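Keep the sequence and the structure in view while reading.

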Amino acid sequence: TQEYALFALTLACASSSLMSSFEKKHWVTDRDVIATAAHLLRCCVRGESFGGVTATLHSVLESLRLFSVSDANKVALVELGVLDGLTEVIGTWYEDPRKPLHPQLLGLERTLALVCLLASVKGCKRRLKALDVQDMLL
């Protein structure tokens, strides 16, 4: 169920935050958990809820950042479509004059940093080119 998937994602993020940097580099997250994070990113961009939760961009990016420390997780993130979601965030970003600018720019900065972090994964540059954003980002 969606609730169980969110629980597994929360548990993985909590576990990651307790690990040392060395442990994170060798940590392989369950692909279902990464798939949930990728789906949650797409829901976040579209303003949809998942399992009764409407996630903020910051919380989704933070979970993706935690997973991206490990090389194995980076590959899974690319394979499961996180790049598509990240480029959607970049492509649909706009300044909301009703909200403070700093948090908005911080979300965009973290999105760009995550794309750059994933750029070293085999096939990532090809995917970015297919999404027609490679020249803009790299």
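## Helix 4 against helix 7

Helix 4 (residues 57-67) packs on helix 7 (residues 101-118) at an angle of about 25 degrees, with the axes 10 Å apart. That angle makes helix 4 roughly parallel to helix 7. The crossing of these two helices is left-handed. On the helix 4 side, the contact is made by Leu57, His58, Leu61, Leu64 and Arg65. Helix 7 brings Gly107, Arg110, Thr111 and Leu114. By class, the residues of this contact divide into four nonpolar, three polar and two charged.

This is a predicted model: local features need pLDDT of at least 70, side-chain atom pairs count only at pLDDT 80 or more, and totals for chains, interfaces and linings use all residues. Residues are numbered from 1 along each chain as its sequence is written, and side-chain values use heavy atoms, with hydrogens and water left out.

## Terms used for the helix pairs

Helices (H or I, at least four residues) are DSSP runs, numbered from the N terminus. Axes are lines fitted to C-alpha atoms, for helices over the stretch in contact, and angles run from 0 to 180 degrees between N-to-C directions. Angles under 35 degrees count as roughly parallel, and those over 145 as roughly antiparallel. A crossing is left-handed if the near helix is turned anticlockwise from the far one by less than a right angle. Contact means heavy atoms within 4.5 Å. Ala, Val, Leu, Ile, Met, Phe, Trp, Tyr, Cys and Pro count as nonpolar, Asp, Glu, Lys and Arg as charged, and the others, Gly among them, as polar.

## Helix 3 and its two partners

Helix 3 packs against helix 6 at about 20 degrees, and their axes are 9 Å apart. The two are therefore roughly parallel to each other. Helix 3 passes helix 6 in a left-handed crossing. Helix 3 makes this contact through Ala38, Leu41, Arg42, Val45 and Arg46. Helix 6 answers with Val82, Gly85, Leu86, Glu88, Val89 and Thr92. The contact of helix 3 with helix 6 holds six nonpolar, two polar and three charged residues.

How do helix 3 and helix 4 cross? Their axes come within 10 Å and cross at roughly 150 degrees. That makes helix 3 roughly antiparallel to helix 4. Helix 3 passes helix 4 in a left-handed crossing. Val33, Ile34, Ala37, Leu40, Leu41 and Cys44 of helix 3 meet Leu57, Val60, Ser63, Leu64 and Phe67 of helix 4. This contact has 10 nonpolar residues, one polar and no charged.

## The nonpolar core

The largest nonpolar core has 38 residues. Such a core is a set of buried Ala, Val, Leu, Ile, Met, Phe, Trp, Tyr and Cys residues joined through side-chain atoms within 4.5 Å. Leu64, Phe67, Val82 and Leu86 have the most contacts inside it. Helix 1 (2-18), helix 3 (31-46), helix 4, helix 5 (71-79), helix 6 (82-92), helix 7 and helix 8 (124-130) each supply at least two residues of this core. Helix 3 gives the most, with eight residues.

Leucine 86 touches Leu41, Leu61, Thr111, Leu114, Val115 and Leu118, not counting residues up to four places away in sequence.

Serine 63 is found in helix 4. Serine 63 is buried, with a relative accessible area of 5%; buried means under 20% with a 1.4 Å probe, protein chains only. Leaving aside neighbours within four places in sequence, serine 63 contacts Leu9, Cys13 and Ala37. Threonine 87, in helix 6, counts as buried at 11% relative accessibility.

Not counting residues up to four places away, lysine 74 touches Ser68, Val69, Leu117, Leu118, Ser120 and Val121. Valine 78 is also found in helix 5 and is buried, at 15%. With the same exclusion of sequence neighbours, valine 78 touches Leu83, Leu118, Val121 and Cys124.

Terms used
Angles under 35 degrees count as roughly parallel, over 145 as roughly antiparallel, 65 to 115 as roughly perpendicular and the rest as oblique. Buried means under 20% relative accessible area, exposed over 50%, partly exposed in between (1.4 Å probe, protein chains only).
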